[in-house]
Amino acid sequence: MSSIVLAALLGATIVNASPSLNARQSITALATSQIDTFTPYTYYASAGYCTNTQTLAWDCGTNCDANPDFQPVASGGNGDSVQYWFVGYDPNLDTVIVSHQGTDPSEIMPLITDADFFLTNLDSTLFPGISSSIEVHNGFGDAQASTATDVLAAVESAMSTYGTTSVTMVGHSLGAAITLLDSVYLPLWLPAGTTFQTIGYGLPRVGNQDFANYIDANVYLTHINHEEDPVPTCPGMFLDFVHPAGEVHIQDSGEWAACPGQDNPSTQCIVGDVPEIWDGDLSDHDGPYNGVEMGC
């Protein structure tokens with residue numbers, strides 16, 4: 001599915017991955033057919049948890065079997081100090097896929113609730129020309145920087161080998177945070193005319209208001225939250241962290257609600273459904289997302 005089709009499904013417009021902030025005027029429920037279009041990407045996000053050896057061979061059980069025609073190009077990480085990642089090409093979707101490993105809910109919560117993190121500028125070498133007013137979580141920034149140049153080289157190779165101009169970035173949890181930063185990084189280095197889309201699952205807040213505004217103006221993002229998952233409510237807004245637009249919230253009823261705006265306070269959306277961290281349930285973090293549980 002192209003980024004243009006995905007935009008149409010969610011009632012938004014896209015020109016080189018730049019959404020209109022006015023495109024989504026009200027909370028709407030996605031149809032089953034719309035929900036199903038995310039499934040290939042959900043499996044790619046889940047496959048991010050598999051080892052670099054597994055994804056390079058594209059032999060990782062259900063996650064790989066769900067997209068059998070995928071052509072891996074490169075993989076990396078060690079699953080410890082550096083999150084696993086992989087890059088390849090999906091001929092059915094005609095897009096390069098970039099996926100980053102997430103982390104166990106018990107491991108990400110300290111990263112986004114402890115007092116040790118802070119907002120900081122993006123690395124000017126990796127992100128040339130990005131305003132100094134844009135700030136991101138220092139831990140997420142470090143995680144993205146550790147793989148950035150390798151991921152870029154792999155994407156360039158995949159685009160050249162398969163003749164595509166489409167790049168889709170996916171991830172869950174910490175992987176979604178890294179992916180969102182890739183969504184700022186990769187367009188700075190890839191050719192004009194490349195189209196991008198980003199699909200994150202259980203995405204924590206990554207940056208400040210200026211960061212969220214930049215994402216809204218320059219990235220076509222959909223971030224999907226499952227029921228009472230507390231991770232997307234962290235770090236707190238009182239710490240000056242802000243979610244960009246593009247939320248889809250899976251409610252207890254199973255309805256997928258497209259929530260307009262940044263940090264929509266409706267009870268149909270994650271901020272209203274989980275107003276305080278203790279209102280959440282960490283067991284919701286891994287899904288299921290339309291039947292797909294995250295993990296390898």
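**Figure 1. Strands β6 and β9 pair in the parallel sense.** The two strands, β6 and β9, are joined over 5 bridges. Strands pair if DSSP finds at least two bridges between them. V96 has V167 as its bridge partner in β9. The model is predicted: local features need pLDDT of at least 70, side-chain atom pairs count only at pLDDT 80 or more, and totals for chains, interfaces and linings use all residues. Residues are numbered from 1 along each chain as its sequence is written, and side-chain values use heavy atoms, with hydrogens and water left out. Helices (H or I, at least four residues) and strands (E, at least two) are DSSP runs numbered from the N terminus.

**Figure 2. Strand β9 is mostly covered.** Of its 7 residues, 7 are buried. Buried means under 20% relative accessible area, exposed over 50%, and partly exposed in between, with a 1.4 Å probe and protein chains only. S166, T168, V170 and H172 point one way from β9. V167, M169 and G171 point the other way. Both sets are buried.

**Figure 3. The open sheet has 9 strands.** Their order is β3-β13-β12-β11-β10-β9-β6-β5-β4, and the pairing is mixed. The edge strands are β3 (28–29) and β4, each pairing on one side only. Strands β9 (residues 166–172) and β10 (residues 195–201) run parallel and are joined by 7 bridges. S166 has T195 as its bridge partner in β10. V170 is partnered there by I199 of β10.

Figure 4. Axes are lines fitted to C-alpha atoms, for helices over the stretch in contact; angles run from 0 to 180 degrees between N-to-C directions.

**Figure 5. Helix α9 packs against helix α10.** The angle between α9 and α10 (residues 209–218) is about 60°, with the axes 11 Å apart. That makes α9 oblique to α10. Angles under 35 degrees count as roughly parallel, over 145 as roughly antiparallel, 65 to 115 as roughly perpendicular, and the rest as oblique. α9 passes α10 in a left-handed crossing. A crossing is left-handed if the near helix is turned anticlockwise from the far one by less than a right angle, and right-handed if clockwise. On the α9 side, L180, L181, V184 and L188 make the contact. On the α10 side, F211, Y214 and I215 make the contact. Contact means heavy atoms within 4.5 Å.

**Figure 6. Q144 is buried in helix α7.** The helix covers residues 138–145. Q144 has a relative accessible area of 1%, so it counts as buried. Leaving aside neighbours within four places in sequence, Q144 is in contact with L126, F127, I178, L181, D182 and Y185.

**Figure 7. F70 and F86 form an edge-to-face pair.** The whole structure holds 11 aromatic pairs. In this pair, the ring centres of F70 and F86 are 5.7 Å apart and the planes stand at 80°, so the pair is edge-to-face. It links distant parts of the chain, 16 residues apart. F70 sits in the loop between α5 (62–65) and β4 (71–76), and F86 in strand β5 (residues 85–90). Rings of Phe, Tyr and Trp (its six-membered ring) pair if their centres lie within 6.5 Å; planes under 30 degrees apart count as stacked, over 60 as edge-to-face and the rest as tilted. Both F70 and F86 are buried. Y44, W58, F70 and F86 form one aromatic cluster.

**Figure 8. Q251 is buried in a loop.** The loop runs between β12 (247–250) and β13 (256–259). The relative accessible area of Q251 is 14%, so Q251 counts as buried. Not counting residues up to four places away in sequence, Q251 touches E227, A257 and Q268.

**Figure 9. G287 lies in the segment after α11 (270–273).** G287 is buried, at 4% relative accessibility. G287 and N225 are 62 residues apart in sequence and 8.5 Å apart in space, C-alpha to C-alpha. Leaving aside neighbours within four places in sequence, G287 is in contact with H226, V292 and E293.

**Figure 10. The whole chain gives the setting.** The protein chain has 11 helices and 13 strands. Buried residues make up 56% of its 296 residues. Among contacts between residues at least 6 apart in sequence, 68% join residues at least 24 apart.
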